[in-house]
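Biologist: I am new to this structure and would like to go through it with you. Could you show it to me before I ask anything?

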Amino acid sequence: MNVLTAYFNTQLVKAGFPNDFEINWSLGYCQGDGMAFYGDIGHTCWLGLFQRIYPNQKRKYRKFERLTKSLIEWQNYWDCLISIERNHFGYRYSHFNTMNLNAPSADDFYFFNDEQAKKEWYFPANKVGEYQTLWDEFVSDLDEYIRDLSKQLEQEGYRIIEATPYQTEVAYQFETQHYRIEFVTDPHEFYANHFETYMYDCDFEDVESLCKAILNGTRIANVYAQVLDKTTGIALGEDYFGYLAYDKEDRTFGGYRYILIREAIKAARSKDGLISRQVQLMQKNLPHIHLTAN
């Protein structure tokens, strides 16, 4: 599981879903791009989802809690299973419209129809419609909740991917009479790395803290500084730092801009740097030798 998928999984669990969903995403601003998730939602998740869909509605929650307890007692596991399934678009795309919610309606439950079950109703017979509506509204609102969450995670996914440069960019440069000094950012596709391997060497505690920091303005890139000969474009000295996390408003790159430029200049002034420059300049200035046959 890569970093972005692992982040989506943490957010699905926080949203009340199980920890074993199949998660698909494609985020390249192409037709059909987005994120989607599929799997079974057992009754152990119902109350948590209900609380998230209807926050601060304690009376409604208590009614639903009693209802689900009765439904679970009267139904077998498969008859009351809710699942998010892939529709025919989902074999090519991944987005909020590739998911179908498959859930029983109130009319499908024995509890509301079986003569034996009616003997154990804890509500008057004239209230049965109220409880049937409670269930059907939950299913309808759960479907909307799923789609909204997919859209939200899609947007967050784009922001996470865009936290690293799309291509190599010169973020800062200055020139002297003979040299050009550049500070360069390179893409670092952290989101595509396996999350356990990546987080082992990462400065962040876990995938969620990494991605939340990015959503709050942290950027990640491979960075290096180089000293170039203005005439030839030859790099005379370099210094590199992989995987730098920095605030998007910080043009000093956490102080590393100064550090890497300083070290690149040291490298250019060193014995190896000067020899390299001299040799390469000599090679460029050698005259072409033409041999004429006798």
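The questions and answers below take up a helix, the cysteines, the aromatic rings and a loop residue.

Modeller: This is a predicted model, in which local features need pLDDT of at least 70 and side-chain atom pairs count only at pLDDT 80 or more, while totals for chains, interfaces and linings use all residues. Residues are numbered from 1 along each chain as its sequence is written, and side-chain values use heavy atoms, with hydrogens and water left out.

Biologist: How far apart are the end C-alpha atoms of helix 1, and what span should its twelve residues have?

Modeller: Helices (H or I, at least four residues) and strands (E, at least two) are DSSP runs, numbered from the N terminus. The expected span of a helix is 1.5 Å times one less than its number of residues, so the twelve residues of helix 1, residues 3–14, should span 16 Å. This agrees with the distance between the end C-alpha atoms, which is 17 Å.

Biologist: How many of the residues of helix 1 are buried?

Modeller: Buried means under 20% relative accessible area, exposed over 50%, and partly exposed in between, with a 1.4 Å probe and protein chains only. Helix 1 is mostly covered, and of its twelve residues the number buried is nine.

Biologist: Is Cys 45 buried or exposed?

Modeller: Cys 30 counts as exposed because its relative accessibility is 51%. For Cys 45 the relative accessibility is 13%, and therefore Cys 45 counts as buried.

Biologist: What kind of aromatic pair do Phe 50 and Tyr 54 form?

Modeller: Rings of Phe, Tyr and Trp (its six-membered ring) pair if their centres lie within 6.5 Å, and planes under 30 degrees apart count as stacked, over 60 as edge-to-face and the rest as tilted. By this rule the count comes to 22 aromatic pairs. Phe 50 and Tyr 54 lie 4.6 Å centre to centre with 50 degrees between the planes, and so their pair is tilted.

Biologist: Which residue has its backbone nitrogen 2.7 Å from a polar atom of the side chain of Asp 250?

Modeller: Asp 250 is in the loop between strand 8 (235–247) and helix 8 (256–269), and because its relative accessible area is 22%, Asp 250 is partly exposed. The backbone nitrogen that lies 2.7 Å from a polar atom of its side chain belongs to Gly 254.

Terms used: A polar contact is a pair of N or O atoms within 3.5 Å; within protein, one must be able to donate a hydrogen and the other to accept it, and residues adjacent in sequence count only if both atoms are side-chain atoms.
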